[in-house]
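Here is a walk through one protein model, written for someone who would rather look at the fold than read tables. Keep the structure open and follow along.

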Amino acid sequence: MEPADSIIRLGFRKWYERQLIEGHAWFVTCFLCMVAIAAVLEELSFRGPLPRILAFGVFVFAAGLVGCYAWLRYQRIMTAAERLGDQATCAACGTYGRFTMLSASSVRCRKCASEWRLVD
Ligand SMILES: [Zn+2]
């Protein structure tokens, strides 16, 4: 269980913060790929030498692949962080993100010792 191991090692709040940072880093990567593709397509002219046109095509294709991968990673990371973030509040006392992992899926509140399942 990847999230459980990381949460045990870092604590929930730090894990959540790192997920948001990593997710947004992937989002910025996707955005930069889109800008790079737009810049190359703006410069592309089919009257130039063939190797130059092919190099532009390869660059656009590679930037498109990286951009798509970055978008998928962004979505996956943010969805997982949001899903666990929604369940990180103790139902008994309302404390957010202060718990101890008991197993890969269940947690105990540090304030009131109430237990619940973090991961379904
Ligand atoms: Zn509690």
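## What sits over helix α2

The cover over the buried residues of α2 includes α1 (2-10), α3 (50-86) and β1 (99-101). The buried residues themselves are Phe12, Trp15, Gly23, Cys30 and Cys33. "Buried" here means that 20 or more other C-beta atoms lie within 10 Å of the residue's own; 12 or fewer makes a residue exposed, anything in between is partly exposed, and the C-beta atoms are placed from the backbone. Helices (H or I, at least four residues) and strands (E, at least two) are DSSP runs, numbered from the N terminus.

A word on what you're looking at: this is a predicted model, where local features need pLDDT of at least 70, side-chain atom pairs count only at pLDDT 80 or more, and totals for chains, interfaces and linings use all residues. Residues are numbered from 1 along each chain as its sequence is written.

## The overall layout

Read along the sequence, the pattern is α-α-α-β-β-β, which comes to 3 helices and 3 strands. With a radius of gyration of 21 Å, well over the 14 Å that the globule rule gives for 120 residues, the protein is more spread out than a compact globule. (That radius is taken over C-alpha atoms, and the rule is 2.2 Å times the number of residues to the power 0.38.) Along its principal axes, the C-alpha trace spans about 70 × 20 × 20 Å.

Buried residues make up 12% of the 120 residues. Take the contacts between residues at least 6 apart in sequence, and 48% of them join residues at least 24 apart. Two residues are in contact if their C-beta atoms, placed from the backbone, lie within 7 Å.

How far apart are the end C-alpha atoms of helix α2 (residues 12-43)? They are 46 Å apart, which agrees with the 46 Å that its 32 residues should span at 1.5 Å a residue. The expected span is 1.5 Å times one less than the number of residues.

Helix α3 has 37 residues and reaches 53 Å from its first C-alpha to its last, close to the expected 54 Å. Its buried residues, Ala70, Tyr74 and Ile77, pack against α2. Arg83 also lies in α3, and it counts as partly exposed, with 14 C-beta neighbours inside 10 Å. Arg83 and Arg47 are 36 residues apart along the chain, and their C-alpha atoms are separated by 51 Å.

The protein is divided into domain 1 (2-86) and domain 2 (89-120), with bounds from an automatic or database domain assignment. Their centres, taken over C-alpha atoms, are separated by 32 Å. Domain 1 puts 8 residues into the contact and domain 2 puts in 6 residues.

On the domain 1 side, α1 and α2 are the elements that give two or more residues, and α1 gives the most, with 4 residues. That side divides into 7 nonpolar residues, no polar and 1 charged. For the sorting, Ala, Val, Leu, Ile, Met, Phe, Trp, Tyr, Cys and Pro count as nonpolar, Asp, Glu, Lys and Arg as charged, and the others, Gly among them, as polar.

## The cores

Which residues make up the largest nonpolar core? There are 9 residues in all: Ile7, Phe12, Trp15, Ala88, Cys90, Phe99, Met101, Val107 and Leu118. A nonpolar core is a set of buried Ala, Val, Leu, Ile, Met, Phe, Trp, Tyr and Cys residues joined through C-beta atoms within 7 Å. α2 and β1 each supply at least two residues of this core, and it draws at least three residues from each of domain 1 and domain 2.

Leaving aside neighbours within four places in sequence, Ala88 is in contact with Phe12, Tyr96, Gly97 and Leu118. A second, separate core of 5 residues includes Cys30, Cys33, Tyr74 and Ile77.

## The loop between β2 and β3

Ala113 is found in the loop between β2 (106-109) and β3 (115-117). Its phi is near 65°, a positive value in a residue other than glycine. Most residues other than glycine have a negative phi. Ala113 is exposed, with 12 other C-beta atoms within 10 Å.

Ser114 is found in the loop between β2 and β3 too, and counts as partly exposed, with 14 C-beta neighbours inside 10 Å. Beyond its neighbours within four places in sequence, Ser114 is in contact with Cys90, Ala91, Ala92, Cys93 and Cys109. Ser114 and Leu44 are 70 residues apart in sequence and 62 Å apart in space, C-alpha to C-alpha.
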